[in-house]
Amino acid sequence: MRVAVGSLMQETNTFVPFRTTVETFRSHYVRRGREVLGGFGEARVEVPGFLSVLKEAGIEAVPLIAAHALSGGYVTREAFDELLGELVARLKQAGPVDGVLLALHGAMAAEDEPDAESEIIERVRSVLPAGTPVGVSLDLHGHITPRMLQPGVFMVGYREYPHIDMFETGERVARLMVDTLAGRRRPVMALAKRPMVVSPVKARTGIAPLAPIIAAARRMEEAGTILHASFFPVQPWLDVPDLCFAVLTSADGSAAAAKTAAETLADRVWEARDGFEPER
């Protein structure tokens, strides 16, 4: 089997007066082709997590492009098209693949597209045969939209804030890809949102009010009710439509189970909303 691997990450702050360009990405890194396989060194981030699981499973990793810019202003349309265009072109040139793994942030906004990750997923899917699975890792501060829930796509977010599990998140996504390709899993996604934009200071995963809600989600996973639950408190430096707290779940073949779990966990977040107020 062959699985393509790519990454295009940037966290947008729509309130700053400058733009994120291709040069901004290059100042951090843009890796192409085989550079994606060996260019991360000992860094414990998502792409090496993907690669470790694929290697263990005996699946060929097909490298595309990995580009990362630090948090900054809107991504210019020119930069977005150049980098995404190259990723898609490399995917087309790679020949048949059984799946695609993408490391995205979730809160990227282009100048003319506030929902950049949805466009990334759409353009990748447009060159794949119908039914080809696409697995996506996301930052816990991503802005998750219904448009991102596309057929054959499953998404898993970081479990920890402060962020200490990027590599492990990559592993989780890749393991679900391996299980999906083997026919052991059929992930179905559901999204529930609540009208809250909270302080990151109070949205740490190891303290209340979020910690006990996350513990409930892990119990659902351990019981087999769902495959994954991801919480997205989002980040408040975005002025885009429908910005709010999101819960994203996947269940094995059951949209109803995924939806029930997502709504249950989102209700618990809403009930705890006063606890997200920072101390004055």
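Student: Which residues in H4 meet which residues in H5?

Tutor: This is a predicted model, so keep that in mind throughout. On the H4 side the contacts come from Arg77, Phe80, Asp81, Leu84, Gly85, Leu87, Val88 and Leu91. On the H5 side they come from Ala116, Glu119, Ile120, Arg123 and Val124.

Student: Why are H4 and H5 called roughly parallel?

Tutor: Helix H4 covers residues 77–93 and helix H5 residues 116–125. Their axes come within 10 Å and cross at roughly 30 degrees. Angles under 35 degrees count as roughly parallel. H4 and H5 are therefore roughly parallel to each other. H4 passes H5 in a right-handed crossing.

Student: What makes H7 and H8 roughly antiparallel?

Tutor: Again, start with the angle. The axes of H7 (residues 210–223) and H8 (residues 255–271) cross at roughly 165 degrees. The cut-off for roughly antiparallel is over 145. H7 and H8 are therefore roughly antiparallel. Their axes come within 10 Å, and H7 passes H8 in a right-handed crossing.

Student: Which residues make that contact?

Tutor: H7 supplies Pro212, Ile213, Ala216, Ala217, Arg219 and Met220. H8 supplies Ala261, Thr264, Leu265, Arg268 and Val269.

Student: Back to helix H5. Why is Glu119 called buried?

Tutor: Glu119 is found in helix H5. Its relative accessible area is 11%. Buried means under 20%, so Glu119 is buried.

Student: What does Glu119 touch, leaving out residues up to four places away in sequence?

Tutor: Glu119 touches Arg77, Phe80, Asp81, Leu84, Glu113 and Arg147.

Student: Now the rings. Why is the pair of Tyr29 and Phe40 called edge-to-face?

Tutor: The structure holds 2 aromatic pairs. In the one formed by Tyr29 and Phe40, the centres are 5.5 Å apart and the planes are at 85 degrees. Pairing needs centres within 6.5 Å, and edge-to-face needs planes over 60 degrees apart. Both conditions hold, so the pair is edge-to-face.

Student: Where in the chain do Tyr29 and Phe40 sit?

Tutor: Tyr29 is in strand E2 (residues 29–32). Phe40 is in the loop between helix H2 (35–38) and helix H3 (46–57). They are 11 residues apart. Tyr29 is buried, and so is Phe40.

Student: How do you know that a charge sits over the ring of Phe40?

Tutor: The charged end of Arg31 is 4.5 Å from the centre of that ring. The distance limit is 6 Å.

Student: What is the omega of the cis bond from Tyr161 to Pro162?

Tutor: Omega is near 5 degrees. Pro162 is found in the loop between strand E6 (153–157) and helix H6 (166–181). Ala208 and Pro209 are also joined by a cis peptide bond, with omega about 10 degrees. Pro209 lies in the loop between strand E7 (187–194) and H7.

Student: What makes the phi of Val234 worth a remark?

Tutor: Most residues other than glycine have a negative phi. Val234 is not a glycine, yet its phi is positive, about 60 degrees. Asp242 has a positive phi too, near 60 degrees. Val234 lies in the loop between strand E8 (228–232) and strand E9 (245–252). Asp242 is in the loop between E8 and E9.

Terms used:
Residues numbered from 1 in each chain as written. Predicted model: local features only at pLDDT ≥ 70, side-chain atom pairs only at ≥ 80, totals over all residues. Heavy atoms only, no water. Phe/Tyr/Trp six-rings, centres within 6.5 Å; stacked < 30°, edge-to-face > 60°. Helix = DSSP H or I, 4+ residues; strand = E, 2+ residues; numbered from the N terminus. Buried < 20%, exposed > 50% of the residue type's maximum accessible area, 1.4 Å probe, protein only. Lys NZ or Arg CZ within 6 Å of the ring centre and 35° of its normal. Axes fitted to C-alpha atoms, helices over the stretch in contact; angles between N-to-C directions. Parallel < 35°, antiparallel > 145°, perpendicular 65-115°, else oblique. Left-handed = near helix turned anticlockwise from the far one by under 90°. Contact = heavy atoms within 4.5 Å.
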